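Please open the model in a viewer and display it as a cartoon.

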Amino acid sequence: MHIKKSFLIFVLLLSCFTVFGLSSVREILPELSDSDYEKIMRGESVESLTTTGDSTSELAPYGSIAWNMARDTENLDYAFSVSVLNFIPYPESFKNMTKEEKYIELFNIMQKISTIVGVEYDSQSSNGKGEVLFKEASMLSAPDARKKIEDPVYTSVPNRVSSYAYLKDSRFGGNVYKLEYYAYNDEIFMEITNVKDIKYMGFTCVKANSLHMYIDATMTEEGILVYGLSVVYNQEPTVKVLFVTVDLPSAFLKRIESLGTWFIDSVGY
């Protein structure tokens with residue numbers, strides 16, 4: 001996929017530069033409306049869907065890895081995407097940490113895939129009470145490996161690292177996903193890609209390597225911006241399975257919302 005190639009070139013170029021200090025939230029969200037800015041600073045989330053004409057890049061930190069990916073995918077005629085933005089102040093546990101220590105801590109939190117188990121999402125069948133999204137989650141040594149491995153722990157942050165994980169979704173069943181992490185200055189960017197077809201009731205909804213979910217954490221002066229993006233390639237937004245119509249933009253928006261909540265809760269805010 002040519003977008004993937006240009007994305008990797010972009011990340012490589014970023015690694016050649018160094019930026020000092022942290023930006024303010026308003027400074028790195030210049031395209032965000034005042035009303036949406038006020039919402040995230042109150043602890044509320046802001047979302048966008050390209051299927052309704054929204055821009056996903058407007059919610060991403062300007063010039064970031066996440067912003068580059070959103071900008072390159074939001075106007076494609078063979079894909080749709082959804083995004084969600086949250087802001088959290090630094091927790092008390094970060095108070096006496098250096099910038100580097102905070103960065104390592106955030107990177108390791110994003111590696112704790114096993115802790116995704118039990119994260120909830122709002123489903124129509126739960127009547128607003130919440131339903132468990134991921135029933136199983138574990139790191140794998142290879143995409144075809146059966147043995148689970150421990151979540152990795154790093155003492156320094158690499159620019160890029162790849163791994164695999166098994167996630168069992170309450171709606172779409174179990175699947176193997178490729179995880180790729182990119183780190184640059186104040187940002188940590190995680191990409192989750194389905195290795196095999198995603199199925200609902202035995203029928204394929206999304207083909208292998210077509211779903212890309214991203215969680216991005218950017219440190220600012222005031223706290224952490226948590227941006228989620230999901231892009232689905234070569235797939236219609238709705239799929240009919242027997243007598244059920246599956247709204248994929250809504251389904252994957254809920255999933256990145258839940259992944260964002262998982263990360264925020266893991267930070268300890």
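The stops below cover a sheet, the helices on it and a pair of helices.

The model is predicted, so local features require pLDDT of at least 70 and side-chain atom pairs pLDDT 80 or more, whereas totals for chains, interfaces and linings use all residues. Residues are numbered from 1 along each chain as its sequence is written, and side-chain values use heavy atoms, without hydrogens and water.

**The sheet.** Select the nine strands of the open sheet, ordered S1-S2-S13-S12-S9-S8-S7-S5-S6 with antiparallel pairing. Strands (E, at least two residues) and helices (H or I, at least four) are DSSP runs numbered from the N terminus; two strands pair if DSSP finds at least two bridges between them. S1 (46–49) and S6 (148–149) are the edge strands, each with a single partner, so one side of each has no neighbour in the sheet.

Glu47 is placed opposite Val84 of S2.

**Helices on the sheet.** Next, show H6, which packs on the sheet and touches S1, S2, S5 (134–140), S7 (160–169), S9, S12 and S13. Contact means heavy atoms within 4.5 Å. The direction of H6 makes about 25 degrees with that of S2. Helix H4 (residues 65–73) lies across strands including S8 (173–184), at about 30 degrees to S13 (223–233). Axes are lines fitted to C-alpha atoms, for helices over the stretch in contact, with angles from 0 to 180 degrees between N-to-C directions.

**The helix pair.** Finally, select H5 (residues 99–111) with H6 (residues 248–267): their axes come within 10 Å and cross at roughly 130 degrees. Leu106, Ile109 and Met110 in H5 meet Trp262, Phe263, Ser266 and Val267 in H6.
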